[in-house]
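Thanks for coming, everyone. Let me put the model up on the screen, and then I'll walk you through a few spots in it.

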Amino acid sequence: MAKTSVANNVTRSNRKWIIGYSITGFILFITYQFLIPWEGLPLGIYDAVYRWMPPSAINESLVYVIMALGLNIVVGYAGLLDLGYVAFWAIGGYCAGWFMSEFFYFLNINFFGSVPAEAPGIHINFWMVLLLGGFICAFFGVLIGAPTLRLKSDYLALVTLGFGEIIPQVFFNGENFFGFNISNGTKGIVGVDPIPVGVKDLGPFDFGWKLLIFLLLTAIMVFVSLRLRKGRLGRAWLAIREDELAASMMGVPLMRTKLASYAVGAFAGGLGGVAFATHVNGVYAERFNFTISIFLLAMVVLGGMGNVWGVILGAFILSWVNGNGLTAFGQLYNEQFGTEVDFASFTFLLFGLVLILMMLFKREGLLPESRLKLMLHEDELDDEDASTSKKKVGK
Amino acid sequence: MNEGNGVTLAKVVEAKKFSGTPGQIRQQRVERIGAISISALAAVWMLVNLIKAPEQFAQVAISGLRNGLIYALIALGYTLVYGIIELINFAHGDLFMLSAVFSSFFITYWMGADQSNGYGWFAFGLCLIAVMVFGAVINVLIERLAYRRLRHAPRLAPLITAVGMSFLLNFIGLKWNGSTPRQWPTVIPSGDIYIGEIRISMITIWLFLVGFPLLLALNYLVTNTKQGKAMRATSQDRDASTLMGINVNKTIAFTFALGGAMAGAAGLLYQQSIGTTSYNLGFQLGLIAFTSAVLGGIGNLWGAVVGGLLIGLIQGLNDGLPIAFGQAWSQSVVFTILIIILVFKPAGLLGKAVTEKV
């Protein structure tokens with residue numbers, strides 16, 4: 001009896017968000033595909049939208065959301081600090097560069113690709129490259145995780161950081177990697193195949209239609225995150241996050257569970273990498289630096305570690321601020337006051353302050369997850385005497 | 001626990017009895033074999049290069065050791081802080097960067113010294129004191145404002161705060177130094193002396209003359225004074241030290257001050273030997289220095305020094321030798337060392353393995 005009611009509860013709460021998500025996505029799509037280019041619209045609105053929230057910024061934010069959700073599985077669910085997540089982004093991006101462009105011009109492989117069959121290079125269908133990139137990243141995730149996951153949390157963070165430095169450097173110097181050109185070095189791989197959707201192929205400037213694709217990918221990530229969290233694996237992750245020792249005593253296989261979180265997180269990184277390569281129509285080695293890893297971490301922390309909706313909010317806010325909001329605000333401010341302040345240089349200050357202030361005053365993030373909130377404030381309960389701690393728990 | 005290398009290593013392995021559960025024994029065996037084969041590979045690599053180009057070898061080894069001294073000074077800050085509150089202070093590398101910028105402004109603009117003469121040496125000496133105070137004050141401020149409040153929080157919280165601090169210091173560096181690297185005049189004499197065919201620059205010699213006494217002074221402070229004793233006690237057991245009448249807050253602040261002072265000195269030495277500063281140099285050097293601390297065994301003072309010199313040596317050899325990966329792969333080589341060390345011997349070369357008791 002009780003079991004079925006719980007199961008029903010789970011499915012219902014897991015389905016409810018789909019409606020809201022679809023409506024929001026649909027409104028966004030209609031707005032950007034039809035409403036904004038419509039000529040009857042007052043000119044001011046068009047300008048304002050393009051200044052504050054152009055379609056490319058929305059798409060880019062969605063790519064960040066995909067990756068932040070992946071990082072959330074590692075950091076938020078399993079509680080393992082990953083400071084080298086950018087490596088998976090890079091690998092995913094280069095998967096798109098290798099399998100969806102004319103980079104390997106001496107080969108001629110076309111597997112449901114969206115270009116004519118006689119075009120040189122490897123051209124595999126976008127949807128298959130997504131899977132391929134995801135699995136290659138997951139493989140690397142397991143590869144880096146397997147020998148290092150028995151380390152303590154901060155050592156683990158360092159190993160991931162090292163990995164996140166090595167992989168981009170491999171691509172950066174990849175023009176001559178033991179005699180092979182694997183990445184075109186600093187020149188990058190320019191031009192990635194359009195996305196085939198049956199009726200038409202989506203090139204780099206089909207922002208509106210690509211928005212739908214990215215929304216779909218994000219929805220898949222949200223779905224997977226929510227389902228995993230409710231399931232056996234997700235509960236094992238939470239147990240590890242809260243107390244590794246207790247979890248292992250209760251029979252949670254530590255290594256396998258942690259590796260699973262790494263693999264799933266890396267898979268999401270691969271998805272994001274492929275999606276981003278189609279978004280910017282190319283892969284460029286200098287993009288993949290340590291700042292991106294921290295940027296993604298800040299998204300997860302700001303939004304609320306472990307809470308899918310919080311992470312989405314955090315990713316949207318930060319990627320908007322970084323990509324568009326700060327420059328737009330800077331322009332407005334400089335025009336208003338006749339100054340020439342370079343607002344783009346304030347990103348360091350902004351991210352630093354976000355990380356520090358969130359950790360000091362609101363460790364659980366903007367949209368907190370209730371379990372994590374309790375855990376993160378354990379110290380305050382320990383420190384104060386029994387009467388105040390009771391009050392806090394009651395609140 | 002300690003290991004020699006070369007011939008003694010084999011004896012240690014034979015004499016050492018593996019203990020623990022079968023799984024642990026297997027793991028120890030794997031670790032031992034991995035460590036031996038990797039050090040053997042490194043030795044062969046060095047030997048081949050030494051035979052092929054002995055002069056070049058000595059040359060790059062010396063310049064590598066010079067960088068290694070700077071890494072060692074920075075690594076000390078990491079190791080001190082990690083030893084006492086088990087925090088990887090990500091902001092430490094950026095503190096070093098700020099110190100380098102501070103010393104360039106101090107010597108060139110505020111003191112107006114731009115060549116090596118009596119006044120230049122005076123400015124250098126004054127700057128050494130000033131920059132050490134500067135580093136100490138900033139580090140103590142960071143500890144006071146951020147880390148102290150998070151001392152009982154889960155480990156993730158202070159670590160993320162440290163990353164945030166690193167960004168904040170980076171921002172200050174960006175505003176202070178500008179977004180492009182800046183060239184500065186140096187006040188250390190820049191001549192060369194020759195020992196046979198090998199050229200040693202005066203800067204290297206002066207660096208060691210300034211740096212080594214600092215290391216010795218720090219070691220004396222930690223091992224022979226009352227304050228050092230308090231530090232060691234606090235790092236062993238914070239609660240028990242409180243009961244013994246040690247002011248834990250003050251001791252931790254003092255540790256941060258020491259680490260900051262070392263980073264300050266490293267900043268000055270770096271600025272004087274390289275002559276360029278840029279706002280993002282702290283990140284790379286900080287990571288390399290941290291790798292050194294881990295290599296030597298984090299929490300161990302001499303481990304940090306040995307690790308720093310070793311990493312500097314390996315990096316120098318890799319960058320300058322005929323049979324090596326070259327400068328483009330410098331970073332990857334260092335981080336590969338870090339990963340290998342963490343996989344095979346997390347306690348480092350001189351560190352002691354700590355087992356978690358339940």
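Let's start with two helices of chain B, H4 (residues 92-110) and H10 (residues 248-274), which pack at an angle of about 55 degrees with their axes 7 Å apart. Before I go on: this is a predicted model, where local features need pLDDT of at least 70 and side-chain atom pairs count only at pLDDT 80 or more, while totals for chains, interfaces and linings use all residues. Residues are numbered from 1 along each chain as its sequence is written, chains are lettered from A and ligands numbered from 1 in the order in which they are written, and side-chain values use heavy atoms, with hydrogens and water left out.

By helix I mean a DSSP run of H or I, at least four residues, numbered from the N terminus. Axes are lines fitted to C-alpha atoms over the stretch in contact, with angles from 0 to 180 degrees between N-to-C directions.

So how do H4(B) and H10(B) sit relative to each other? They're oblique, as angles under 35 degrees count as roughly parallel, over 145 as roughly antiparallel, 65 to 115 as roughly perpendicular and the rest as oblique. Their crossing is right-handed, meaning the near helix is turned clockwise from the far one by less than a right angle. On the H4(B) side, the residues that meet H10(B) include B:Leu95, B:Ser99 and B:Ser103; among their partners in H10(B) are B:Gly260, B:Ala263 and B:Gly267. Contact here means heavy atoms within 4.5 Å.

Staying in H4(B), have a look at B:Thr108. Is B:Thr108 buried or exposed? It's buried, at a relative accessible area of 16%, because buried means under 20%, exposed over 50%, and partly exposed in between (1.4 Å probe, protein chains only). Leaving aside neighbours within four places in sequence, B:Thr108 touches B:Ala113, B:Trp184 and B:Pro185.

Next pair: H7(B) (residues 202-224) and H12(B) (residues 301-320), whose axes come within 10 Å and cross at roughly 160 degrees. That makes H7(B) and H12(B) roughly antiparallel, and this crossing is right-handed. In H7(B), B:Leu215, B:Leu216, B:Leu218, B:Asn219 and B:Val222 meet B:Leu301, B:Trp302 and B:Val305 in H12(B).

Last one, H3(B), residues 54-85. Its 32 residues reach 44 Å from first C-alpha to last, close to the 46 Å expected, which is 1.5 Å times one less than the number of residues. H3(B) is mostly covered, with 23 of its 32 residues buried.
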